[in-house]
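Let's take a friendly walk through a protein model. Have a look at the sequence and the structure below, and then read on.

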Amino acid sequence: RHGGHPSRGALCARARHVCGRRALWLRALPRGGGRVDAHTAGGDRLPPPPPTERGVVGARGAAAHATAYPAADRDLRAAVVHAAHRADIVRLRALLEKGGVYLDMDVIALRSFDQLLDSRLPALGREGLRGEHGLCNAVIVSPPGAPFLARWLEAYRTFDGSQWAEHSVALPMRLAKAQPADIRLLEAEAFFWPLWDDAALRRLLLYREYGFERNFATHLWSQAARPYVLSLWSPRFAAAVPSALNCRTRMLPQPAGSA
C-alpha cells in the first residue's frame, strides 16, 4: 500500500494512467481497509476515481484520496515529456515523502512483503539473473526519505528521452554500485523472474515448470507478453489453463464481483 508505513495485511499497490491524462492512481488493495492516493504529473487536475476503482476500493473498505502531486519542477518537466517517464518521477517523489510499496499494473504480488518493509533500506530487484539489464523500477519497496531514492530522483536532471530505460533501469544499478550501503539488492527471482524473452514468457504464462517459490511478486512484462496470451488473460483463462502462474493466482483474494 502507499501512504505512510504500509500496514501489515496490505496486499499490493497498483499504478495506472487515468483517462488518458498525465496522471496516476496508486491503488491499494488492503484486506481490512486502507487508503488510495492519486498523484498527478505536470500540474494536471485529477479526475475523480473511475467507477471501477471506486468499486474495488469499496469492496475492501478503503478510502480514496486525490492529491495534486507535481511530477517535477518546470525545467525538468520540459525534458520529461512522456507520461511513462513522468510516472517514473512521481513514484520516486511519493516514496520519498511517504514510503511504502510501488508496483506496476502488470505486477502480481504472490506473498507478504513484510520482511522487505521492515528494512531501513529501499529494496529493488535485479533485471536479469546477474542484473545485467539493471534494476527495474516496476517494484520499489522503501521507507520514506531514503537517500538512494533522493539521488536517483536528482539524476533525472540529466534525463535523455531518446534512451527509454536509461533512468528507470540502468541508472539505478550504477547508483547501487557506487553506494551499495544505501540499498538492498534482491535477486531477480524476487520480482523479475521469469524474464521477458520468448522462452521465459512461455514459462511464465503457459507452462507449469516454474514454481515461484522465491518470488515475492512476478512481473508480467505486458508489452512483451501481449502477443502471447496476456491480451486474453482473464479469470476464465486463469481457471482453464493450468500454468504455474494461473494455479498460484487462483489462491489470491479476488475483488468482489470478479467471478
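Is Phe-216 buried or exposed? At 6% relative accessibility, Phe-216 counts as buried (buried means under 20% relative accessible area, exposed over 50%, and partly exposed in between, with a 1.4 Å probe and protein chains only).

## Before we go on

This is a predicted model, in which local features need pLDDT of at least 70, side-chain atom pairs count only at pLDDT 80 or more, and totals for chains, interfaces and linings use all residues. Residues are numbered from 1 along each chain as its sequence is written, and side-chain values use heavy atoms, leaving out hydrogens and water.

## Around Phe-216

Phe-216 sits in the loop between H8 and strand E10 (217-219). Helices (H or I, at least four residues) and strands (E, at least two) are DSSP runs, numbered from the N terminus.

Along the chain, Phe-216 and Phe-191 are 25 residues apart, yet their C-alpha atoms are separated by 6.1 Å. Leaving aside neighbours within four places in sequence, the contacts of Phe-216 include Phe-113, Leu-116, Ala-190 and Phe-191 (contact means heavy atoms within 4.5 Å).

## The nonpolar cores

A nonpolar core is a set of buried Ala, Val, Leu, Ile, Met, Phe, Trp, Tyr and Cys residues joined through side-chain atoms within 4.5 Å. The largest one here has 37 residues, and Phe-113, Val-139, Val-141, Phe-191, Leu-204 and Leu-205 have the most contacts inside it. Among the elements that each supply at least two residues of this core are strand E5 (100-103), strand E8 (134-142) and helix H8 (198-205). Apart from this core lies another, of 22 residues, among them Phe-148, Leu-149, Leu-153 and Ile-183.

Why is E8 largely enclosed by the rest of the structure? It is because 9 of the 9 residues of E8 are buried.

E5 and E8 pair in the antiparallel sense over 4 bridges (two strands pair if DSSP finds at least two bridges between them), with Leu-103 opposite Val-139 in E8. Strand E7 (residues 123-127) also pairs with E8 in the antiparallel sense, over 4 bridges, and here Ala-123 stands opposite Val-141. E7 and E8 form a hairpin with 6 residues between them, and Gly-128 in the turn has a positive phi of about 105°.

## Two helices meet

In H5, the residues Phe-148, Arg-151 and Trp-152 meet a group in H6 that includes His-167, Leu-171 and Leu-175.
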